[in-house]
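Please open the model in a viewer and follow the stops below, selecting the named residues in turn.

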Amino acid sequence: MLESICVTEKLHWPEVELTRKSMLNINHKLYSDHGKSVPELSKVILRNTFITGTSSYNVLLQTKEKKQHLQKQSRHGQEKKTLKVSKASTAFHTKDNYKKKSCLQSSDGLFARRKSSSCLYSTKPSIMRCSQSISIRGSHLGLLHRPKTGLKRRQGISNVKKEKETALSKPETNEGGTRKKCCILNAIKPSNVEREKIKFFKSEFTYNPQFEYTTPARPGVLEKYSHASDRFLQQAINIMLRALKKYGSYEKFEQATGGSLVPKKQIRYQVRKYMEREGCLGEIVVHLSEDLLSRASMTVVNGCPTLTINISTAREQWLEGMLKHEIGTHYFRGMNNSQQPWNTSNGRKKYGLKPVNPTEEGLASIHSVLFRKDPFLWRAALLYYTVYQASCMSFVELFKDVGQFVKDPNTRWDYCVRAKRGWADTSQPGCFSKDQVYLDGILQILKHRESIDFCLLTSMGKISYEDVDRLKDFAVLENARIPLFLQDKDRYMRYLEKIMQVNALNDAELAMIID
């Protein structure tokens, strides 16, 4: 229909470039960004205001009838400012700059210089400004639109935007196709933990904390991690009893094997030196915290790998192992995973990958104690034991039971909160069982240590040790990042044997309890 219109107006290019960028909102109000980049003017807004090319044609036919009325409105400063977009391939403008104007804009005409633009009518009826420094002059033409339809469409668009925002606010998935750790851990972290700790200590350990959560985890998540296993319970108890037999108490074991707490300045220095050695300095944001339930956590915040360290548990002889755990294992495997064909949820399904845990946390936990003089698997054992007991005990009962291994009430509190997190009423039996994956993964990897290619396991990213042989032909191994402690295979294997010996583990026993 537009092809039948006889156009006699010409496009006017201004002699002076108008550089101030502005944008038009839905209510046709003027906003200036004072030099900042201007986002693309929503095509939806334009579509809502001007429905079809047919409307433009009808308006042109009504020009003469409306001319007198419009001039009267212009004298009283009550003209309506509207914007018109049609499917025409050219922009038309009046030859007489101050008498009449018809503007039919398209991507091939007025906005041909850029992919997106922002058009805006000024407060003066004779000037329209565009972010492309294009000026069109002329009097306003009464371009009509259908407000009811536009309103409905704007409401529909608003709903769509809300749906998109909701979708974006949902937790993302990590390379393993599972919910990001930070989302789960944030959801199950009590918001009133300090207040409940005060009540618990004032009651002389007889009050069951009532935890509250800012954003409670979904029932499905809690259900997934509510089932504890006793598969390695005896091994966990034996490991702790063996350590207590040698050191007398957990507190003495902690002091002898961990050393003194490290001040913030020294933590930053050691982290920097470690990252320099591993060639990742400047790649990771480091945060120091006092309220982290774990000793450290590697997450992704705003697209940046972020290492958060709990300064209240950072001991001089344990700090290196923590960095091997978080950076040498989690970070490097994550980086290597990003170049694999299974680096997405769909990719993992396509190649039939097994869950990344317990391999991921088991491998990282082995690296935590690697090269220690006495590489006891105490923490993994106590976490496994505490979770199992929490599944059949109240908080008060659990706190008392853990006392046979840990005397310090603050340390016991931390372990019990980890096991009971996610639950509101801790007087009831219940647990968060994820902490059992550490010992589970350690024992499975130790059982198969002779057949696992640990460099390949790291190079292939976030995969289970069970998938290495099957998928190695599909792996992208160029530029794979391997931590220094893995590059001396003989030394690495010798220390795996030492871990077996110190914790009184043997192959026959592992073969019986692991399929």
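**Charged pairs and cysteines**

Begin with glutamate 320, which is partly exposed at 30% relative accessibility (buried is under 20% relative accessible area, exposed over 50%, partly exposed in between, with a 1.4 Å probe and protein chains only). The model is predicted: local features need pLDDT of at least 70, side-chain atom pairs count only at pLDDT 80 or more, and totals for chains, interfaces and linings use all residues. Residues are numbered from 1 along each chain as its sequence is written, and side-chain values use heavy atoms, with hydrogens and water left out.

Lysine 324 is buried, at 7%. Both residues lie in helix H11 (residues 319–337), four residues apart, about one helical turn; helices (H or I, at least four residues) and strands (E, at least two) are DSSP runs numbered from the N terminus.

Next, select lysine 273 and glutamate 276, a salt bridge at 3.6 Å within helix H10 (residues 264–278).

Then select lysine 189 and aspartate 291, which form a salt bridge at 3.8 Å, N to O. This pair links distant parts of the chain, 102 residues apart. In total, 17 salt bridges are counted.

Finally, turn to the cysteines: zero disulfides are counted (cysteine sulfur atoms within 2.5 Å). For cysteine 392, the nearest cysteine sulfur is that of cysteine 431, 8.8 Å away.

Terms used: A salt bridge is a side-chain nitrogen of Lys or Arg within 4 Å of a carboxyl oxygen of Asp or Glu.
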